[in-house]
Amino acid sequence: MTRTVLVTGGGTGIGKAVAAAFLAGGDHVIITGRRPEVLSSAAEELEGALTTVVCDATDPEQLEALRGRLPDVVDVLVNNAGGNREFDGAPPSDLRGLAERWRANLDANLLGAVLTTAAVDKLLGPGGAVVNIGSFAADRGAGSYGAAKAAMNTWNIFLAGQLGPRGVTCNVVAPGYIDSTEFFRDRRSAAFHEERVAETLVGRAGRPEDVADVVRFIASPAARHITGQVLRVDGGVIPTR
Ligand code: NDP
């Protein structure tokens with residue numbers, strides 16, 4: 001059965017790998033992002049039934065326009081757009097700057113997912129799935145970014161309760177250190193990389209495909225009774241007892 005899958009921030013990194021995984025399964029995939037040139041380049045690279053839509057997940061007007069371009073049913077929504085806005089510019093030197101940083105991370109990593117889900121809510125039906133891309137930072141005290149991802153985990157439980165009676169599952173897939181994406185910008189020195197790899201139980205960084213495979217599973221009929229959960233894809237950095 002061909003499904004319609006919406007992946008926010010699907011032009012790079014984890015989102016692009018998620019799009020590729022669903023495309024490989026024969027699904028119709030719609031990817032969004034803010035930079036048209038990034039979406040065009042992803043469209044050239046990815047093979048299959050792909051649609052690209054420029055849309056800022058934090059902008060209500062752009063989300064309304066996106067909704068107008070979607071088919072009647074969205075089977076899978078992957079709220080992947082996000083990133084650590086603390087990496088932008090110098091650390092804040094006053095309260096105004098601190099407030100901007102916190103708002104930017106809450107917008108990018110929490111509000112974007114909340115608004116996108118509300119925009120497509122009525123298009124999600126029985127057998128559907130919402131997959132929110134969280135982070136192990138939610139459990140590691142990583143300032144405004146970690147706080148935003150932790151809030152996403154809590155909101156996901158609420159969402160699972162709201163959509164569960166309609167047959168829609170809601171889960172968080174929480175990556176650990178994934179290299180080869182745009183996430184770390186120019187911060188990924190050799191020492192930085194080695195430190196993060198050393199924290200894993202498997203001795204390697206995660207790859208976007210490691211996350212994509214779990215997203216595809218959790219949105220599949222094989223996972224119909226899993227909802228309200230956080231699934232860590234971090235190479236064992238945070239083991240569960
Ligand atoms: P990337 O920076 O490569 O991917 C982020 C994507 O989201 C980009 O394509 C970006 O495109 C898009 N995006 C950002 N903000 C918005 C927005 N407001 N509206 C629409 N699209 C947006 O990094 P990753 O692939 O690593 O990150 C994907 C997700 O995984 C993020 O939520 C991140 O927090 C999470 N994550 C990543 C980890 C890692 O180690 N890499 C670890 C844990 C979690 P554009 O700028 O064009 O909008």
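1. Strands β5 (residues 129–133) and β6 run parallel and are paired through five bridges. Two strands count as paired if DSSP finds at least two bridges between them. Helices (H or I, at least four residues) and strands (E, at least two) are DSSP runs, numbered from the N terminus. Within this pair, Ile 133 sits opposite Val 173 of β6. Between the two strands the chain passes through helix α5 (residues 143–163), and this β-α-β crossover is right-handed. Right-handed here means that, with the strands pointing away from the viewer, the path from the first strand over the helix to the second runs clockwise.

2. A word on the source. This is a predicted model, in which local features need pLDDT of at least 70 and side-chain atom pairs count only at pLDDT 80 or more, while totals for chains, interfaces and linings use all residues. Residues are numbered from 1 along each chain as its sequence is written, and side-chain values use heavy atoms, with hydrogens and water left out.

3. Strand β7 (residues 230–233) runs parallel to β6, and four bridges join them. Val 173 stands opposite Leu 231 of β7.

4. How many residues of strand β6 are buried? Seven of the seven residues (169–175) are, so β6 is largely enclosed by the rest of the structure. Buried means under 20% relative accessible area, exposed means over 50%, and partly exposed lies in between (1.4 Å probe, protein chains only). In a regular strand the side chains alternate between the two faces of the sheet. In β6, Thr 169, Asn 171, Val 173 and Pro 175 point one way. Cys 170, Val 172 and Ala 174 point the other way.

5. Now strand β1 (residues 4–7). Thr 4 and Leu 6 point one way, Val 5 and Val 7 the other, and all are buried. β1 runs parallel to β2, with four bridges between them. Val 7 has Ile 31 of β2 as its bridge partner. The chain goes from β1 through α1 to β2 in a right-handed β-α-β crossover. β1 also pairs in the parallel sense with strand β4 (residues 76–79), over three bridges. There, Val 5 stands opposite Val 76.

6. His 28 belongs to strand β2 (residues 28–33). His 28 counts as partly exposed because its relative accessibility is 21%. His 28 and Gly 48 are 20 residues apart in sequence, and their C-alpha atoms are 7.7 Å apart.

7. Which residues come nearest to the ligand? They are Thr 12, Arg 34, Arg 35, Tyr 145 and Thr 181, out of 30 residues around the ligand. A residue belongs to these surroundings if one of its heavy atoms lies within 4 Å. Helices α1 (13–24) and α5 each supply at least two residues of the shell. By class, the shell has 11 nonpolar, 13 polar and six charged residues. Ala, Val, Leu, Ile, Met, Phe, Trp, Tyr, Cys and Pro count as nonpolar, Asp, Glu, Lys and Arg as charged, and the others, Gly among them, as polar.

8. Polar contacts (pairs of N or O atoms within 3.5 Å; within protein, one must be able to donate a hydrogen and the other to accept it, and residues adjacent in sequence count only if both atoms are side-chain atoms) come next. A side-chain N or O atom of Asp 56 lies 2.9 Å from a nitrogen atom of the ligand. Lys 149 has a polar side-chain atom 3.0 Å from a ligand oxygen atom. Glu 182 uses a backbone N or O atom, also 3.0 Å from an oxygen atom of the ligand. On its own the ligand has 880 Å² of accessible area, and the protein covers 95% of that. Accessible areas come from the Shrake-Rupley method with a 1.4 Å probe; for residues, only the protein chains shown count as cover.

9. Ser 220 lies in the loop between α7 (208–218) and β7. At 13% relative accessibility, Ser 220 is buried. A polar side-chain atom of Ser 220 is 2.6 Å from the backbone oxygen of Phe 217. Thr 116 sits in helix α4 (residues 95–120) and is buried at 1% relative accessibility. Its side chain has a polar atom 2.7 Å from the backbone oxygen of Gly 112.

10. Check the loop between β6 and α6 (190–198), where Ser 180 is found. Ser 180 is not a glycine, yet its phi is positive, near 65 degrees. Ser 180 is exposed, at 53% relative accessible area. Arg 185 lies in this loop between β6 and α6 too. Arg 185 has a positive phi of about 50 degrees and is partly exposed at 42%.
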